[in-house]
Amino acid sequence: MRFRDHFADLKRLGVARLYGLSTQTTDYQCEAVRDSVRCRLALTRALDLPTFAFGGMTLLKRIAWVIDNGVITKVFYPVFPPDKNAEEVVAWLQASK
């Protein structure tokens, strides 16, 4: 399941905002803004986020953060299996209440 599938649970647990970040091109993500790849790669480099190269693209390794009042309070990395990460985050939030 994806984070969007758990959005109601996350909101109930106090998550005010939920963001996704990707370095994939606009062709891969048609909803992306025209120069978003450049901006996302700048953020990726500034935060020294884990990446890998595939098909001539620089992609982010899966990572999830919990950010409270602008401070990263929990990092989920490595993320495996990826289809269980949203459930893992929900469980952690429930246990943290």
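**View 1. D9 and R12 lie about one helical turn apart in helix α1.** Because D9 and R12 are three residues apart within helix α1 (residues 7–12), about one helical turn separates them. In this predicted model, their side chains meet in a salt bridge, with a distance of 3.5 Å from N to O.

**View 2. The chain is built from three helices and four strands.** Read from the N terminus, the elements follow the order α-α-β-β-β-β-α. Of the 97 residues of the chain, 25% count as buried, and the accessible surface of the chain comes to about 7,300 Å², with carbon and sulfur atoms supplying 54% of it. Among contacts with a separation of 6 or more, 35% are accounted for by residues 24 or more positions apart. The mean pLDDT of the chain is 84, and 85% of the residues reach 70 or more; confidence is lowest in α2, at a mean of 75, and highest in helix α3 (residues 85–96), at 93.

**View 3. Nine residues make up the largest nonpolar core.** The members of this core are L10, L13, V15, A64, V66, F76, V89, V90 and L93. Both β3 and α3 supply at least two residues each, and the largest share, three residues, comes from α3. Leaving aside residues up to four places away in sequence, L93 touches L10, L13, V15 and V66. In soluble globular proteins, nonpolar side chains tend to be buried together.

**View 4. T44 is a buried residue of helix α2.** The position of T44 falls within helix α2, which spans residues 36–46. With a relative accessible area of 5%, T44 is buried, because the limit for that class is under 20%. When residues up to four places away in sequence are not counted, T44 touches T23, L49, T51 and L60.

**View 5. A nonpolar patch lies on the surface.** The residues L21, L43, L47, W65, I67, I72, V75 and Y77 form this patch, and together they have about 680 Å² of accessible area. Strands β3 (64–68) and β4 (71–76) each contribute at least two of the patch residues. One of the members, V75, lies in strand β4 and is partly exposed, with a relative accessible area of 41%.

**View 6. D48 and N69 have positive phi values.** For D48, a residue other than glycine, phi is near 55°; D48 is found in the loop between α2 and β1 (51–54) and counts as exposed at 67% relative accessibility. For N69, which is also a residue other than glycine, phi is near 50°; N69 lies in the loop between β3 and β4 and counts as exposed at 81% relative accessibility.

How values were computed. Residues numbered from 1 in each chain as written. Predicted model: local features only at pLDDT ≥ 70, side-chain atom pairs only at ≥ 80, totals over all residues. Heavy atoms only, no water. Buried < 20%, exposed > 50% of the residue type's maximum accessible area, 1.4 Å probe, protein only. Contact = heavy atoms within 4.5 Å. Salt bridge = Lys/Arg side-chain N within 4 Å of Asp/Glu carboxyl O. pLDDT = per-residue confidence, 0-100. Patch = residues over 30% accessible without salt bridge, like charges linked within 9 Å, V, L, I, M, F, W, Y side chains within 5 Å. Areas by Shrake-Rupley, 256 points an atom, 1.4 Å probe, with all protein chains shown as cover. Core = buried A, V, L, I, M, F, W, Y, C linked by side-chain atoms within 4.5 Å.
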